Amino acid sequence: RVFCPFGTRLRRARTASGAVLYSGVAGPASGRLLKMRHKVSQLISVLIGREKGQQIAGLVDNGTRVVMQMSVGSHRPFPYPSINRTSVLFVSVSFIILMIISLAWLVFYYVQRFRYIHAKDLLARRLCSAAQKALDRIPVQTLRPGEQESECCAVCIEPLRPGELVRLLPCRHSFHRPCVDPWLLEQRSCPMCKMDILKHYGLVYAAGSQESVLEDDPEAH
């Protein structure tokens, strides 16, 4: 019967050396031993699927002699016997080592990046301070009538007029002071001939492919 308890079925077969049970409900075979808690607990019993059970029952009903061998299996502590434990251990250790190396590389990368950004910012501040010192050495004069009236400021493209403050660079190029001062602080070179004002006043020296500021910025200390 479909809803007949397994315990009742086993009690009916208590004189047998073993019992094969199958469920009347369709489903996959479980292939597990039933742990019974009654008087027939010593009886070896196996639960199989409906399809296989009906096939065996049909053979028995037709008078066919069916011989089955059942034995109590041993407990397997490792559920996947085909997998080598040494291989699993090797893969686990390799993964941990790879993660440690990746983490170390990331830490090294961000430390180097932080140092590069800090050094770049420090160099920019030193260059700006050196440019201000060079700017203080460049003379400023008030243009008099008849002086450089035919010239134009290359920054604003306006003519130089008498009474205006002009800055005369060492390369002999003149510009409006309000126009050229921001340019010199940022570019540190003449807008026309690209003369480096820091090199002219000896505030930097060439060091390989980079330039170093001779006079340290007091704010950096």
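A residue is called buried here when its relative accessible area is under 20%, exposed when that area is over 50%, and partly exposed in between. Keep those cut-offs in mind while moving through the structure, which is a predicted model.

Begin by selecting Cys-153, which has a relative accessibility of 1% and therefore counts as buried. A disulfide is a covalent bond between the sulfur atoms of two cysteines. The criterion applied here asks for two cysteine sulfur atoms within 2.5 Å, and by this rule the count of disulfides comes to zero. For a cysteine in another setting, select Cys-128, which is partly exposed, with a relative accessible area of 39%.

Next, go to helix 3, which spans residues 85–137, and display the side chains of Trp-105 and Tyr-109. Because these two residues are four apart in that helix, about one helical turn separates them. Their rings form a stacked aromatic pair, with 5.5 Å from centre to centre and 10 degrees between the planes. Trp-105 counts as exposed, at 52% relative accessibility, whereas Tyr-109 is partly exposed, with a relative accessible area of 36%.

Tyr-110 has a relative accessibility of 53%, and it counts as exposed. With Trp-105, Tyr-109 and Tyr-110 selected together, you have a cluster linked by ring pairs, and the count of aromatic pairs in the model comes to two.

For the last stop, move to the loop between helix 4 (177–187) and helix 5 (197–200), and select Ser-189 there. Is Ser-189 buried or exposed? At 12% relative accessibility, Ser-189 counts as buried. To see what surrounds this serine, leave aside its neighbours within four places in sequence and show its remaining contacts, which are Trp-183, Leu-184, Lys-194, Met-195 and Asp-196.

Terms used
Residues are numbered from 1 along each chain as its sequence is written. This is a predicted model: local features need pLDDT of at least 70, side-chain atom pairs count only at pLDDT 80 or more; totals for chains, interfaces and linings use all residues. Side-chain values use heavy atoms; hydrogens and water are left out. Rings of Phe, Tyr and Trp (its six-membered ring) pair if their centres lie within 6.5 Å; planes under 30 degrees apart count as stacked, over 60 as edge-to-face and the rest as tilted. Buried means under 20% relative accessible area, exposed over 50%, partly exposed in between (1.4 Å probe, protein chains only). Contact means heavy atoms within 4.5 Å.
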